[in-house]
Amino acid sequence: MKTDYRTKNCRAKWDNSADTCLPLRGQKPRAWRLVLFGAPGVGKGTQAEFLKQRLDICHLSTGDLFRAAASQNGSSQSPAMAEAMGYMRRGELVPDSTVWQMVRERGDCLQCAAGFLLDGFPRTVPQAEQLQAYMEGEGLALDGVLDYEIPMAEIIARLSGRRVCEKCKAVFHITWRPSSTEGICDDCGGRLYQREDDQPKSIVTRLEVYRHSTAPLVEYYKEQGLLLSLDATGSPEDIFARTMHSLQARSESLSKQPAGERV
Ligand code: AMP
């Protein structure tokens, strides 16, 4: 039977459910504090789902937060959020101040005793610096940054064929993971749609944006000894096996490191 370390997920809090993040029950072997890193379409979302299940940690995706905000009716959006939607639709990065404000509002996730998984954040060096300053202030440290790497041509093929369920958010692909009935989700019967930022024009912009703004983060985290580079080709299960292998090695090296020496 799975040990109940923490009964609820922080994520549910911003999904407007009544669930909250509760203190740990029992001793968890390791509360991982991780960042998922890699170009759009590299498969971070799928790995995040696997990791969330396996490690029982909070998953905070800034892209999901923005999409949740986009689905709200316009009058309930703050001016900053309404402006952020424009950036998102064009495939550009939302300004750092808006992103940080949104992440900061989910401080419970960053402090969750079960650990967390940041997905799509940080995306720029200033965002990484804000996160680091915040964590240091709270006496916390990142355990690793999982950097998924894949050739650009494969990314374009993955993104342009991606379809998402508008109800349960399950992800399909027209070539590699087609639904049994075209346009209908196998899991819940919801309608499948192509994300606006998965249109070819937005994809090119997003990859350019990634190259310019986000790739320097690889160096940033490499210098801090936090970068865990992973080959993201192959099936999601293969990639996940590589991920767990890398985390196992990381766990062993962290347990040999005195706590005061952690970044
Ligand atoms: P994603 O699903 O992570 O690819 O995010 C979708 C879109 O949300 C991005 O193309 C950006 O417009 C916006 N976004 C998400 N996270 C961030 C971030 N950390 N910084 C700036 N913009 C972001």
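Colleague: What makes S202, I203, R206, V209, Y210, T214, L217 and Y221 of α9 buried?

Modeller: A residue is buried if 20 or more other C-beta atoms, placed from the backbone, lie within 10 Å of its own. These eight residues of α9 are buried, so they meet that cut-off. In the chain, buried residues make up 34% of the 263 residues. This is a predicted model, in which local features need pLDDT of at least 70, side-chain atom pairs count only at pLDDT 80 or more, and totals for chains, interfaces and linings use all residues. Residues are numbered from 1 along each chain as its sequence is written.

Colleague: Which elements do the buried residues of α9 pack against?

Modeller: They pack against β1, α7, β4, α8 and β8. Contact requires C-beta atoms, placed from the backbone, within 7 Å. Helices (H or I, at least four residues) and strands (E, at least two) are DSSP runs, numbered from the N terminus.

Colleague: Why does the span of α9 agree with its 24 residues?

Modeller: The expected span is 1.5 Å times one less than the number of residues. For residues 200-223 that gives 34 Å, and the end C-alpha atoms are 34 Å apart, so the two agree.

Colleague: What is centred on R211 in α9?

Modeller: A kink of about 40 degrees. The bend at a residue is the angle between axes fitted to the seven residues ending there and the seven starting there. After α9 comes G225, with a positive phi near 70 degrees.

Terms used:
Buried ≥ 20, exposed ≤ 12 C-beta atoms within 10 Å, placed from the backbone. Contact = placed C-beta atoms within 7 Å.
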